Amino acid sequence: MRIRDYGGATYGADNSTWMGSFDNRTSSVKNFGYYVTWWQDINYGGAGFGSANDYSALGWYVPFLGTWNDNISSFHRG
C-alpha cells in the first residue's frame, strides 16, 4: 500500500495521458478546486470517475467504484 493522506511524492499537471513513474501509484489526490476526471488506464481509457473533491485515501472515498488506491493511470482537468 502506498502512502495516503497526501504524503509521499507529488505529481502535478493539467492533463496527463500517462503518469510515467506515478502510473498506478496514487493513493490520494488534491484537485485544487478543479473538476478532474481520473481513469484506470493510460490515454483516458478504462473505468473512470470525475470529481472536484480532494481524496486523502482513495480506497475509502470511492467505494461505489471499488478501490482506486494505486489504480490511476491518466487524468484530465476541466
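**Exercise 1. H76 and its surroundings**

At 30% relative accessibility, H76 counts as partly exposed; find the element that holds H76 and the residues that H76 contacts beyond its neighbours within four places in sequence.

Solution. 
- Step 1. The model is predicted, with pLDDT of at least 70 needed for local features and 80 or more for side-chain atom pairs, while totals for chains, interfaces and linings use all residues. Residues are numbered from 1 along each chain as its sequence is written, and side-chain values use heavy atoms, with hydrogens and water left out.
- Step 2. Apply the cut-offs: buried is under 20% relative accessible area, exposed is over 50%, and partly exposed is in between, with a 1.4 Å probe and protein chains only.
- Step 3. H76 belongs to strand β4. A strand is a DSSP run of E with at least two residues, a helix is a run of H or I with at least four, and both are numbered from the N terminus.
- Step 4. A contact requires heavy atoms within 4.5 Å. Outside its sequence neighbours within four places, H76 touches D14, N15, Y35, V36, T37, W39 and Y44.
- Step 5. Between the C-alpha atoms of H76 and A13 there are 8.9 Å, although 63 residues separate the two along the chain. A13 sits in the segment before β1 and is partly exposed, at a relative accessible area of 37%.

**Exercise 2. The order of the elements**

How many helices and strands does the protein chain have, and what pattern do they follow along the sequence?

Solution. 
- Step 1. Counting gives 1 helix and 4 strands.
- Step 2. Read along the sequence, the order is β-β-β-α-β.
- Step 3. Take the contacts with a separation of 6 or more: 66% of them join residues 24 or more positions apart.
- Step 4. D70 is placed in the loop between α1 (58-61) and β4, and its relative accessible area of 22% makes D70 partly exposed.

**Exercise 3. The nonpolar core**

Which residues make up the largest nonpolar core, and is L58 buried or exposed?

Solution. 
- Step 1. A nonpolar core is a set of buried Ala, Val, Leu, Ile, Met, Phe, Trp, Tyr and Cys residues joined through side-chain atoms within 4.5 Å.
- Step 2. The largest such core has 10 residues: M19, V29, V36, W38, F49, Y55, L58, W68, I72 and F75.
- Step 3. L58 is buried, because its relative accessible area is 0%. L58 lies in helix α1.
- Step 4. Beyond four places in sequence, L58 contacts T26, S27, S28, V29, F49, W68, N69 and I72. The C-alpha atoms of L58 and S28 are separated by 5.7 Å, and the two residues are 30 apart along the chain.
- Step 5. For the whole protein chain, 32% of the 78 residues count as buried.

**Exercise 4. The largest pocket**

What is the volume of the largest pocket, and which residues of its lining are closest to its centre?

Solution. 
- Step 1. On a 1 Å grid over the protein atoms alone, a pocket is an open set of points with protein on both sides within 12 Å along at least five of seven lines; a cavity is a set where a 1.4 Å probe fits but cannot get out, and lining residues have an atom within 4 Å of a point. Points are joined across faces, edges and corners, and the volume is the space filled by probe spheres set on them.
- Step 2. The largest pocket holds about 680 Å³.
- Step 3. It is lined by 26 residues, and those closest to its centre are A9, T10, Y11, S28 and V29.
- Step 4. β2 (36-41) and β4 (74-77) are the elements that give two or more residues to this lining.

**Exercise 5. Positive phi**

Where are Y6 and F32 found, and what is the phi of Y6 and of F32?

Solution. 
- Step 1. Most residues other than glycine have a negative phi.
- Step 2. Y6, not a glycine, has a positive phi of about 65 degrees. Y6 is in the segment before β1 (15-16) and is partly exposed, at 34% relative accessibility.
- Step 3. F32, also not a glycine, has a positive phi of about 55 degrees. F32 is in the loop between β1 and β2 and counts as exposed, at 67% relative accessibility.
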